[in-house]
Amino acid sequence: MGMGGCIILIAAGAILTFATDWEMRGVNLDVVGIILMLVGIIGVTVFSAAAKRRRVIAPGATVIDENQTRRTYE
């Protein structure tokens with residue numbers, strides 16, 4: 001699931017929790033909406049962390065790290 005799917009989960013959960021007044025026997029839609037929002041937020045954080053780890057350094061790029069060491073990737 002990508003970032004778009006996570007945002008859709010957050011939006012659907014918010015709609016169920018805050019914008020509806022439906023009542024179903026045996027199902028609390030407020031709780032379902034909160035669960036969807038939490039799953040969406042967890043998905044956004046996991047997706048963001050994974051995207052940071054997958055950053056690719058372009059060939060020929062010069063990177064200066066915290067210790068001010070120059071490295072050129074080829």
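Predicted model: local features only at pLDDT ≥ 70, side-chain atom pairs only at ≥ 80, totals over all residues.
Contact here means heavy atoms within 4.5 Å.

The protein contains two helices and two strands. Along the sequence, these elements follow the pattern α-α-β-β. Of the 74 residues in the protein, 14% are buried. Among contacts with a separation of 6 or more, 35% join residues 24 or more positions apart.

Helix 1 covers residues 3–19, a run of 17 residues. At 1.5 Å a residue, helix 1 should span 24 Å. The end C-alpha atoms of helix 1 are 23 Å apart, which agrees with that expectation.

Burial in helix 1 is one-sided. Cys6, Leu9, Gly13, Leu16 and Thr17 are buried in this helix. These residues cover an arc of only 95 degrees around the axis, and therefore lie on the same side of helix 1. An α-helix has 3.6 residues a turn, so residues three or four places apart point the same way. The other side of helix 1 carries the exposed residues Ile8, Phe18 and Ala19.

Leu16 has a relative accessibility of 17%. The cut-off for burial is under 20%, so Leu16 counts as buried. Leaving aside neighbours within four places in sequence, Leu16 is in contact with Trp22, Leu29, Asp30, Val32, Gly33 and Leu36. One of these partners is Gly33. Leu16 and Gly33 are 17 residues apart in sequence. In space, their C-alpha atoms are 5.0 Å apart.

Val32, a contact partner of Leu16, also takes part in a surface feature. Met24, Val27 and Val32 form a nonpolar patch on the surface. Together, these three residues have about 220 Å² of accessible area. Met24 is found in the loop between helix 1 and helix 2, the latter covering residues 29–53. The relative accessibility of Met24 is 47%.

Notes
Residues numbered from 1 in each chain as written. Heavy atoms only, no water. Helix = DSSP H or I, 4+ residues; strand = E, 2+ residues; numbered from the N terminus. Expected span 1.5 Å × (residues − 1). Buried < 20%, exposed > 50% of the residue type's maximum accessible area, 1.4 Å probe, protein only. Arc of directions from axis to C-beta. Patch = residues over 30% accessible without salt bridge, like charges linked within 9 Å, V, L, I, M, F, W, Y side chains within 5 Å. Areas by Shrake-Rupley, 256 points an atom, 1.4 Å probe, with all protein chains shown as cover. Salt bridge = Lys/Arg side-chain N within 4 Å of Asp/Glu carboxyl O.
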